[in-house]
Amino acid sequence: MRKFKESIIEKLIIVCGLASIFFVILILLFLLKEGLSVFKTAGFVDFILGRKWYPISEPAQLGILPLIIGSLLVTFGAVVISVPIGVACAVFIAEVAPSRIKELLKATVELLSAIPSVVLGFVGMVTLVPWIKNIFHLPTGLTAFSGSIMLAFMAMPTIVSIAEDALYSVPKTYKEGALALGATHWQAIYRVMLPAASSGILAAVMLGIGRVIGETMAVMMITGNAAVIPTSLFQPVRTLTATIAAEMGETVVGSEHYFALFAIGIVLFIISFLINVTADLFLHKKR
Amino acid sequence: MKHNPKRSQNIAFFFMLLATFLIVLPVGLIVFAIIKKGIPAISWEFLTEMPRQGMRAGGIFPAIIGTFYLVSGAILFALPIGLLSAIYLSEYAKDNLLTRIIKLAIVNLAGVPSVVYGLFGLALFVIFLKFGASILSGSLTLGIMILPIIITSSREALESVPYSFREASWSLGASKWQTIRYVVLPNAIPGILTGTILGLGRAAGETAPILFTVAAFYLPRLPKSIFDQAMALPYHLYVISTQVPNVDEKIRYGTALVLLSLVLFMNLIAIVIRYHFRKKKKW
């Protein structure tokens, strides 16, 4: 009897072990089920490269190029801000900061990652957006630039903690060797430690980008949500994620608009899949 | 001027310090501002009353309760699956292709954008399984979203139990499952708990996955069953800061403060547990 019970439990464990694969496939299947049909009416190339997103006009125009460019622009801005600051902070925490402050800094970065996106979006709306408007004399502060700054903050915890791990995993002897040859601490860091940790740092950057592309609430609240192709960082944009979040509530289930939003979901799923697989390859390169 | 390594080191370290301040300072300011402007709004009435006048007055009680239901449902679903999955990975899985694929699936599950979880929940639970926009649909969606957090942290906790503990148990004649159940699991509980609470905090703060699966715009009553729609704190904050005009700033900051406190409190508990048990560790 006990044998029987145990074999049931073990089977259950194996089934649950496979749960992650099951859910990933399930997500993809349901996105495809609802989203693929849009390509029959709109055509894959027209969907991706179409310049007009007027989903409720008659006939609907479903081109997501403005949304893709919006996402890329915001992501680009966020990466330019967050990568240098994040990596510098990671080096500071891992190498320079005295051990007592180190724990405090790590806790603060963790605190940042715990703040819900919608709270950051709210704070961005009431503080950052008016500042941007006044400083740059813009008609509105709801711009790609505001989104980039806010998203940079959301990517920072990921970048800092993973880059920090990468720096810790560099063997101590590397640094000691450099110091023994007369290098200063800084020379040891940027000539030896950083190159040795480079694949881990690259993975940190990739995961940061993944975080930024998938972020929804904060971007929806502060980028202005205009589905037109932007010509500068100081214009409102609409991202892929914000489009789904803002429009799905108002669509009729089974309409072309509904299918198109799922097709955007497929695009996002594929992007995040590629980013995560690449980051994973970088992370495992070292070991 | 001759290159001076000592001086470039000072410059480099100064910029690193500056970068660190650029992260730490805004975090401090954000938390401080929310606490300072949110505290005046907090009162017993604000926490326990229904919203009134289209959310421009009254309290946020149904949003608090809704969040509580959603988060509990998510954990009820995700913890058993996540824990068993972690046991599989740490105790049963061999180093082969299948294990590699499972790990990759976990990484991807963790990376799927939260709004895509919302779409998935809408397609599977709300429409296909006909649960409708309900606490059940929202909880299941959130549960799948926090699954990778629970698997990863539980697995780390299980793997940190020394191998010699298992060997000792086997040598006494215990079976593999008995060893896991009576030796490995009890020693891994603090780590599992930490991960679970972090997952709870994450689920409590997410908005995008509940947008189309459960969240009610304005529902000044409590949900009656798991097939009811519910209000939730993060969605409520979104609604009163973007969708409803002329909401008193105090109410917005108050809601933000309650949500932030809830999430930070859970993180704090997780940190305390981790710290406490690390000190007590016997190996």
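This report describes chain B of a predicted model, together with selected residues of chains A and B.

## Overall architecture of chain B

Chain B contains 10 helices and 2 strands. In sequence order, these elements follow the pattern α-α-β-β-α-α-α-α-α-α-α-α. The C-alpha trace of the chain spans about 75 × 70 × 35 Å along its principal axes. Chain B has 283 residues, of which 54% count as buried. Among the contacts in chain B with a sequence separation of 6 or more, 74% join residues 24 or more positions apart.

| Helix pair | Axis separation | Crossing angle |
|---|---|---|
| α5(B) (residues 114-128) and α6(B) (residues 135-159) | within 9 Å | roughly 135° |
| α9(B) (residues 233-243) and α10(B) (residues 249-280) | 10 Å | about 155° |

The axes of α5(B) and α6(B) cross at roughly 135°. On the α5(B) side, the contact is made by B:S114, B:Y117, B:G118, B:F120, B:G121, B:F125 and B:V126, while α6(B) supplies B:S137, B:L140, B:T141, B:I144 and B:M145. By class, these residues comprise 7 nonpolar and 5 polar, with no charged residue.

For α9(B) and α10(B), the angle is about 155°. This pair is therefore described as roughly antiparallel, and its crossing is left-handed. Helix α9(B) contributes B:L233, B:P234, B:H236, B:L237, B:I240 and B:S241 to the contact, and α10(B) contributes B:I251, B:R252, B:T255, B:A256, B:V258, B:L259 and B:L262. The contact of α9(B) with α10(B) has 9 nonpolar, 3 polar and 1 charged residues.

B:S85 is located in helix α3 of chain B, which covers residues 61-92. Its relative accessibility is 0%, so B:S85 counts as buried; the cut-off for burial is under 20%. Beyond its neighbours within four places in sequence, B:S85 is in contact with A:C16, A:G17, A:S20 and B:I151.

B:S154 belongs to helix α6 of chain B. This serine has a relative accessibility of 0% and therefore counts as buried. When residues up to four places away in sequence are set aside, B:S154 touches B:L83, B:A86 and B:I192.

## Loop residues

B:M50 sits in the loop of chain B between α2 (44-48) and β1 (51-52). The relative accessible area of B:M50 is 28%, so the residue is partly exposed. Although B:M50 and B:P220 are 170 residues apart in sequence, their C-alpha atoms are 5.5 Å apart in space. Apart from residues up to four places away in sequence, B:M50 touches B:G58, B:G59, B:F61 and B:P62, and also B:P220, B:R221 and B:L222.

Which backbone angle of B:K130 has a positive value in a residue other than glycine? The angle is phi, which is near 60° in B:K130. With a relative accessible area of 69%, B:K130 is exposed; exposure requires a value over 50%.

A:N225 likewise is not a glycine and has a positive phi, of about 55°. This asparagine lies in chain A, in the loop between α12 (217-222) and α13 (240-247). Its relative accessibility is 25%, so A:N225 counts as partly exposed.

Note on methods. Residues are numbered from 1 along each chain as its sequence is written. Chains are lettered from A and ligands numbered from 1 in the order in which they are written. This is a predicted model: local features need pLDDT of at least 70, side-chain atom pairs count only at pLDDT 80 or more; totals for chains, interfaces and linings use all residues. Side-chain values use heavy atoms; hydrogens and water are left out. Helices (H or I, at least four residues) and strands (E, at least two) are DSSP runs, numbered from the N terminus. Buried means under 20% relative accessible area, exposed over 50%, partly exposed in between (1.4 Å probe, protein chains only). Contact means heavy atoms within 4.5 Å. Axes are lines fitted to C-alpha atoms, for helices over the stretch in contact, and angles run from 0 to 180 degrees between N-to-C directions. Ala, Val, Leu, Ile, Met, Phe, Trp, Tyr, Cys and Pro count as nonpolar, Asp, Glu, Lys and Arg as charged, and the others, Gly among them, as polar. Angles under 35 degrees count as roughly parallel, over 145 as roughly antiparallel, 65 to 115 as roughly perpendicular and the rest as oblique. A crossing is left-handed if the near helix is turned anticlockwise from the far one by less than a right angle, and right-handed if clockwise.
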